[in-house]
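Okay, thanks everyone, let's get going.

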Number of protein chains: 4
Amino acid sequence: MNFSSDNWAGATAPVMAALARHSTGLAPAYGSDPLTESVTARFSEIFETDVSVFFVGTGTAANSLALASFAKPGGAIFCHPDAHIQVDECGCPEFMTSGGKLVSVPGTDGKFTAEALQEAMSAFPDGVVHHGQVASVSITQSTECGTVYTLDDIARIKSVALERDVALHMDGARFANALVSLSATPAEMTWKAGVDVLSFGATKNGCWCAEAVVFFNREQARGFEYFRKRGGHLFSKSRFAAAQFEGYFEEDAWLGTAAHANEMAQRLADGIRLAGGRTAWPVEANEVFPVLRRDLVERLRDGGAAFYEWSAKGLDLSIAPSADEVCLRLVTSFATSEDDVDVFLNLLGT
Amino acid sequence: MNFSSDNWAGATAPVMAALARHSTGLAPAYGSDPLTESVTARFSEIFETDVSVFFVGTGTAANSLALASFAKPGGAIFCHPDAHIQVDECGCPEFMTSGGKLVSVPGTDGKFTAEALQEAMSAFPDGVVHHGQVASVSITQSTECGTVYTLDDIARIKSVALERDVALHMDGARFANALVSLSATPAEMTWKAGVDVLSFGATKNGCWCAEAVVFFNREQARGFEYFRKRGGHLFSKSRFAAAQFEGYFEEDAWLGTAAHANEMAQRLADGIRLAGGRTAWPVEANEVFPVLRRDLVERLRDGGAAFYEWSAKGLDLSIAPSADEVCLRLVTSFATSEDDVDVFLNLLGT
Amino acid sequence: MNFSSDNWAGATAPVMAALARHSTGLAPAYGSDPLTESVTARFSEIFETDVSVFFVGTGTAANSLALASFAKPGGAIFCHPDAHIQVDECGCPEFMTSGGKLVSVPGTDGKFTAEALQEAMSAFPDGVVHHGQVASVSITQSTECGTVYTLDDIARIKSVALERDVALHMDGARFANALVSLSATPAEMTWKAGVDVLSFGATKNGCWCAEAVVFFNREQARGFEYFRKRGGHLFSKSRFAAAQFEGYFEEDAWLGTAAHANEMAQRLADGIRLAGGRTAWPVEANEVFPVLRRDLVERLRDGGAAFYEWSAKGLDLSIAPSADEVCLRLVTSFATSEDDVDVFLNLLGT
Amino acid sequence: MNFSSDNWAGATAPVMAALARHSTGLAPAYGSDPLTESVTARFSEIFETDVSVFFVGTGTAANSLALASFAKPGGAIFCHPDAHIQVDECGCPEFMTSGGKLVSVPGTDGKFTAEALQEAMSAFPDGVVHHGQVASVSITQSTECGTVYTLDDIARIKSVALERDVALHMDGARFANALVSLSATPAEMTWKAGVDVLSFGATKNGCWCAEAVVFFNREQARGFEYFRKRGGHLFSKSRFAAAQFEGYFEEDAWLGTAAHANEMAQRLADGIRLAGGRTAWPVEANEVFPVLRRDLVERLRDGGAAFYEWSAKGLDLSIAPSADEVCLRLVTSFATSEDDVDVFLNLLGT
């Protein structure tokens with residue numbers, strides 16, 4: 001049983017079927033094909049508004065290009081210290097924004113509050129050229145801690161962003177998992193709560209390589225195609241991305257795979273708690289961060305379980321790992337079976 | 001019959017089969033999977049030397065990142081005025097090289113000579129900071145005019161690059177077509193002729209989205225993974241790229257599809273010449289640029305043929321379109337059938 | 001007698017006096033001092049409109065930052081092939097614009113026409129992402145050939161820029177020389193003719209290090225201070241730049257030095273013509289490009305004259321240097337004396 | 001009495017005299033003049049080794065270009081959270097390094113320790129592409145808190161930098177103040193302690209606009225002139241920078257002005273302590289950060305004193321301002337008189 005990451009899985013059957021279906025015949029390149037058009041229309045249906053959609057191949061590209069489109073010279077981009085853009089994208093956001101500074105806004109459970117954002121922004125008063133200027137705010141949904149911002153959390157963060165007239169970006173690498181967790185609609189979790197631009201991730205949830213930058217205000221999307229192309233992120237055979245999305249959305253497959261992954265995470269969490277264990281953060285999506293004794297972790301490994309150990313800084317003392325404990329990250333996906341979970345829990349002694 | 005571009009085709013059967021084969025099961029992300037390793041080894045076999053290979057999703061990314069790895073402040077990159085990097089990549093090479101300048105080196109038939117390169121480089125004498133400094137040389141194989149540099153052409157260009165101690169890049173978006181055209185080995189057409197870094201294109205010749213940056217000197221490849229990741233071009237499910245290459249190379253499928261495309265181009269060229277027509281440039285790969293009377297072009301369109309008109313500047317007066325003529329670009333691919341060609345030629349009246 | 005360049009001279013007496021006058025006492029840093037304010041007001045008087053003025057230390061910085069403020073991803077900046085931004089700024093414009101492409105618009109006498117601009121821009125049709133997008137137009141006044149655009153030339157270029165909705169930049173490294181040459185007002189030669197942003201050069205005409213970016217529309221200047229600071233071009237002791245401008249403008253000193261330099265150039269040109277010589281381009285500002293026999297050039301050098309030889313490509317056959325001739329560049333400045341000129345002409349045998 | 005900043009002062013008499021002395025006559029531009037050469041030789045004498053010296057106009061430029069020359073894709077630059085490059089340069093270091101990330105290394109008294117550096121660097125293990133890679137380390141001497149790294153502090157930081165094979169940069173905006181404070185030689189405080197590249201600041205200590213990037217290893221300086229020019233930071237009338245340095249170094253004027261500024265700071269500190277006050281950090285250079293009651297601060301202002309209030313986060317509770325206290329920053333310079341200090345102290349009631 002392998003809980004290393006949701007990007008260790010391959011592609012789902014509907015995604016593969018769609019790719020196969022569209023693999024023959026000729027179609028215009030660079031996104032002017034009918035399939036790209038129909039999939040784009042599908043995005044507008046799903047988001048209940050007329051969106052602008054741009055396919056790219058990686059989440060890092062989606063995030064960085066979205067932020068680039070709101071970049072300013074000396075611009076500060078506000079995000080959680082654990083955000084993917086802050087720690088896992090090798091400076092791509094900084095590069096694509098021509099030198100933006102990612103400013104960490106601390107907060108528990110992988111989330112920051114509107115108040116913390118306001119405090120962080122206060123270091124960048126308008127008109128003081130030395131410190132640079134506020135450029136954008138980025139939140140991750142679900143977060144790197146497997147938690148989820150509530151709709152209200154997002155709306156309050158938006159109101160602070162509005163005070164300083166900057167855009168709100170959502171890194172939705174695990175968008176579907178958060179959506180299912182909140183039982184919200186895509187519209188509610190994005191533009192209705194104030195999100196200006198979304199990195200819509202589909203790769204982790206069953207595609208090969210399908211991410212989309214989604215703008216909810218077409219005016220803000222103007223010229224974005226130049227950012228994408230300048231970054232080398234415009235696919236020639238664009239329909240291969242479109243086909244993946246077609247399969248992804250078919251019969252709400254995407255919500256099904258996300259729901260399954262979340263359930264598997266809950267099943268893990270329940271078993272861990274039953275065994276007397278605890279998790280570093282609430283389990284709200286498809287990631288579980290158990291704090292376990294080192295001998296148990298050894299037993300898991302010996303039993304064939306795969307996962308990463310996780311640095312779990314900044315936890316409450318009541319939760320943080322003691323000297324003989326360690327925090328793990330367990331990620332579930334569409335490819336995780338109940339059996340995987342149960343074998344794992346059996347090893348734990350549940 | 002559609003001759004718009006080779007990137008209008010989908011994916012070949014071996015490529016789709018490989019993708020399907022590898023779509024289930026878990027594998028490490030970001031290129032540390034066994035499939036990526038085995039495909040990388042295959043590249044070394046094909047090139048008869050120990051190469052460093054980096055998969056990316058677009059030719060623009062491959063070119064721009066390759067050039068970025070040889071960038072210098074105020075750096076000049078020498079290429080043909082028709083080069084893809086010069087006219088078709090929306091400033092991606094300039095952006096990835098942090099402001100490099102693409103200097104056009106003119107030449108007939110889409111190629112420049114070693115002498116023309118030397119002349120262009122002379123505007124950038126060493127040590128004159130105002131003009132910037134020479135950074136790299138880029139040739140396209142096959143060229144945007146459907147022609148092919150001979151091995152000797154490349155070697156002579158390399159010797160000029162060496163005089164100024166800069167790297168030689170080859171944009172091989174249509175690498176296989178050139179290879180087949182020259183009956184050369186991959187090694188002969190690259191490192192044996194002096195190429196330092198190659199954009200190895202597989203998308204146009206039968207993949208969905210599979211390009212590779214290939215370094216022939218591992219020392220020059222050091223740190224390149226940071227350029228790729230900083231550009232947002234590292235795939236998480238890297239095996240989807242590897243799988244495409246696996247299918248691409250299987251039983252030399254790639255050489256077969258390229259040979260087929262080249263043959264279809266020759267068949268077109270032969271028919272056009274039979275009909276008394278001429279081509280703007282020699283037909284050496286999978287592109288044909290006939291110069292035709294406008295009424296013929298109308299007839300082709302009415303008959304259902306698809307293609308682009310082409311700006312054919314700088315041609316000899318004996319070849320250039322007259323007032324009632326126009327130059328077309330016809331691109332063939334693995335998906336072009338003899339029937340496509342023959343119907344087209346019939347419309348032409350052959 | 002030294003005609004190497006106008007930047008070989010030092011500073012004029014009024015400039016030095018102003019610097020000395022303001023060298024003691026304390027004043028707010030970074031441009032909030034009273035002197036910067038009064039000098040800024042002086043700029044508005046001189047240009048007969050409410051301008052936004054930003055001091056920087058080099059012409060390269062002025063040009064590149066001005067262009068950066070109008071940059072777009074994949075942006076094309078149109079300029080003459082001999083423009084300083086194209087050949088003498090080591091990629092600074094490309095770097096500051098995050099990878100802009102400088103597109104050469106050819107034209108005789110160092111100038112391009114509105115028609116040539118339109119032709120060059122046609123390679124960048126709106127909406128074709130591959131080629132990038134038009135971003136700005138830059139003209140040099142006076143030009144690198146020592147010639148001057150007429151007010152009408154500028155207005156016609158502006159109308160083409162307007163068609164494509166891009167800004168018009170003027171590189172005024174030798175602004176005063178052109179102004180005096182045209183007997184125009186600063187307003188006429190800039191915003192009244194359609195210039196959006198000006199690099200106002202004062203260094204070559206008598207300052208140490210005083211250039212200004214001048215916007216004629218305050219809305220377009222919004223946020224420019226962040227570009228300047230991000231480039232490292234905001235002086236802390238800003239009054240040292242302001243002081244130079246104070247001295248420069250005092251009693252119209254700047255027009256006097258420019259007029260003197262232009263007169264010295266005319267005196268040179270007249271003498272050269274008297275001696276039967278010719279110049280490569282009309283002498284309209286403070287640069288003279290005589291085409292002389294090599295033996296004469298030797299004699300000049302032996303006599304102590306200093307100057308650069310000049311590559312004079314693209315000249316009419318009737319003007320271009322023959323095999324035993326060479327083109328020189330002679331630059332005059334406030335520091336050039338009539339004696340310098342006469343000794344030079346005597347060596348020529350006039 | 002004005003303690004706002006040392007960059008509120010003008011230029012010293014020797015600096016003005018040197019500028020006047022060199023203001024006439026012609027000299028080669030762009031740094032090839034004899035004066036630039038002789039001043040460069042003077043730098044080598046002062047540093048007791050053969051240095052490479054590059055003049056620029058601002059400290060932000062010096063810092064950012066120095067860091068640019070050691071940049072890597074996805075590169076992390078380690079500095080104190082209060083460092084000028086981190087909070088006061090509007091993203092110039094990020095921009096010049098094409099998207100470098102400034103990683104804060106916390107530490108008391110404006111300094112970080114070798115241990116803290118090692119800890120911060122551990123988040124960037126070699127070969128983990130996601131997090132980026134270590135690129136350089138930057139320390140500020142004297143610091144933003146008016147303290148000074150000992151030679152041993154520097155050497156220990158260097159040894160950590162060496163472990164990861166990255167360069168050590170020193171931001172010496174107040175280099176002379178630190179030097180005088182330590183009674184060290186320039187060599188001891190730089191290359192002998194392991195500094196690779198120094199931003200040598202002269203502006204705050206008596207020049208108008210004179211900063212230098214100094215490399216102690218000529219090999220590391222190779223190509224730096226292209227970084228400077230690409231940034232728009234190469235002065236044409238370079239001798240105006242050289243002249244300032246000539247005056248600055250004359251008869252050790254620079255050490256005298258720094259010693260004076262430091263003495264004035266000590267006089268302030270002594271008086272404040274006499275009056276029962278305390279300072280937030282030790283007074284080791286030319287900055288004093290007294291923590292004073294608000295009513296006293298009002299009295300100072302009413303008496304005509306000028307200064308900035310200072311955010312003094314992270315102080316020990318025993319030192320930090322209470323609710324009715326505030327921390328001030330008082331900066332002294334060559335232009336501060338004993339009288340200024342005494343009048344200030346009188347207002348304080350000493």
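Let's start with strand 2 of chain A, which is covered on both faces: A:Gly75, A:Ile77 and A:Cys79 are buried on one side, and A:Ala76 and A:Phe78 are buried on the other. Keep in mind as we go that this is a predicted model. So with strand 2, residues 75-79, we have 5 of the 5 residues buried, which means the strand is largely enclosed by the rest of the structure.

Who are the neighbours? Strand 2 of chain A pairs with strand 4 of chain A, residues 133-140, in the parallel sense, over 4 bridges. If you want to find that pairing on screen, look for A:Phe78, whose bridge partner in strand 4 of chain A is A:Val137. Then there's strand 3 of chain A, residues 101-104, which runs parallel to strand 2 and is joined to it by 4 bridges. There, pick out A:Ile77, which stands opposite A:Leu102 of strand 3.

Now let's hop over to chain C and helix 7. That's residues 151-163, so 13 residues, and from the first C-alpha to the last the helix reaches 19 Å, close to the 18 Å expected at 1.5 Å a residue. Which residues of helix 7 of chain C are buried? They are C:Asp153, C:Ile154, C:Ile157, C:Lys158, C:Val160 and C:Ala161. Look down the axis of helix 7 of chain C and those buried residues fall within an arc of 160°, so they line one face of the helix.

After the helix comes C:Asp165, with a positive phi, near 60°.

Last stop, how the chains relate. Chain A superposes on chain D by a rotation of 180° with 0.0 Å of shift along the axis, at an RMSD of 0.0 Å. That is the relation of a two-fold axis. In chain A, the C-alpha nearest that axis belongs to A:Gly99, 2.2 Å from it. Both copies use the same surface, too: 100% of the contact residues of chain A recur in chain D.

That's it from me, happy to take questions.

Definitions and conventions: Residues numbered from 1 in each chain as written. Chains lettered and ligands numbered in written order. Predicted model: local features only at pLDDT ≥ 70, side-chain atom pairs only at ≥ 80, totals over all residues. Heavy atoms only, no water. Buried < 20%, exposed > 50% of the residue type's maximum accessible area, 1.4 Å probe, protein only. Helix = DSSP H or I, 4+ residues; strand = E, 2+ residues; numbered from the N terminus. Pairing = 2+ DSSP bridges. Least-squares fit on C-alpha atoms with pLDDT ≥ 70 in both. Contact = heavy atoms within 4.5 Å. Expected span 1.5 Å × (residues − 1). Arc of directions from axis to C-beta.
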